Amino acid sequence: MRYSKGYYKYQLKGNVAVQTRLRPSQPAIIQGFIFLGTDGKLFIYNSYAWNGATCAPDFKCNMLAVLVHDALFQLIQEGLLPDYHFKECNEELRDIMIIGGTPKPIAELFYFGVSAFGKHFYKKITPVFEV
């Protein structure tokens, strides 16, 4: 995964594809940035911007996990993925961190943090309609 620093803390340089445990009833799409298929395959596209871990340090071993978590939560915030996927999104963060080399106790600490406090940072974005 390649990224750079800029207006947002990070901007993706290239595409990322990850298989997730989520199985939405219909695809969740933010055109040109995020696609989550009904089979759980998540695509995050070149130039997607995110701010890294909230209230925690960013390390090489957690960057992919934080990117995936932020993209999934953006789908929830935009109303494109139901709120009941919160737990699964948090589990993805933990599991991708472990696969990426983060020691399990640290990944569990991140999981506890997002599970216990994540909703305090969550804000549902009011949908914008076009006529």
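Modeller: What follows is a short tour of this structure, feature by feature. This is a predicted model, in which local features need pLDDT of at least 70 and side-chain atom pairs count only at pLDDT 80 or more, while totals for chains, interfaces and linings use all residues. Residues are numbered from 1 along each chain as its sequence is written, and side-chain values use heavy atoms, with hydrogens and water left out.

Colleague: How many helices and strands does the protein chain have?

Modeller: Helices (H or I, at least four residues) and strands (E, at least two) are DSSP runs, numbered from the N terminus. In this case the protein chain has 3 helices and 7 strands, and from the N terminus on they run in the order β-β-β-β-β-β-β-α-α-α.

Colleague: What share of the residues counts as buried?

Modeller: Buried means under 20% relative accessible area, exposed means over 50%, and partly exposed lies in between, with a 1.4 Å probe and protein chains only. Of the 131 residues of the protein chain, 38% count as buried. One case is Leu 12 in strand 2 (residues 10–12), which counts as buried because its relative accessible area is 0%. The C-alpha atoms of Leu 12 and Ile 44 lie 8.5 Å apart in space, although the two residues are 32 apart in sequence.

Colleague: What should I look for in helix 1?

Modeller: You can compare its span with the expected one, which is 1.5 Å times one less than the number of residues. Helix 1 (residues 60–77) has 18 residues and reaches 26 Å from its first C-alpha to its last, close to the 26 Å expected. Because 13 of its 18 residues are buried, helix 1 is largely enclosed by the rest of the structure. After helix 1 comes Gly 79, whose phi is positive, near 80 degrees.

Colleague: Which residues form the covered face of strand 3, and which the uncovered one?

Modeller: In a regular strand the side chains alternate between the two faces of the sheet. In strand 3 (residues 16–19), Val 16 and Val 18 form the covered face, whereas Ala 17 and Gln 19 form the uncovered one. Two strands pair if DSSP finds at least two bridges between them, and strand 3 pairs with strand 6 (residues 41–44) in the antiparallel sense over 4 bridges. Within this pairing, Gln 19 has Lys 41 of strand 6 as its bridge partner.

Colleague: How many salt bridges are there, and which residues do they join?

Modeller: A salt bridge is a side-chain nitrogen of Lys or Arg within 4 Å of a carboxyl oxygen of Asp or Glu, and by this rule the count comes to 6. One of them joins Asp 58 and Lys 9, at 2.8 Å from N to O. This pair links distant parts of the chain, 49 residues apart, with Asp 58 in the loop between strand 7 (49–50) and helix 1, and Lys 9 in the loop between strand 1 (3–4) and strand 2. Asp 58 is buried, at 18%, while Lys 9 is partly exposed, at 37%. Another joins Glu 91 and Lys 87, whose closest N and O atoms are 3.1 Å apart; because these residues stand 4 apart in helix 2, about one helical turn separates them. Finally, Arg 21, Lys 87, Glu 91, Glu 92, Arg 94 and Asp 95 are linked in a network of salt bridges.
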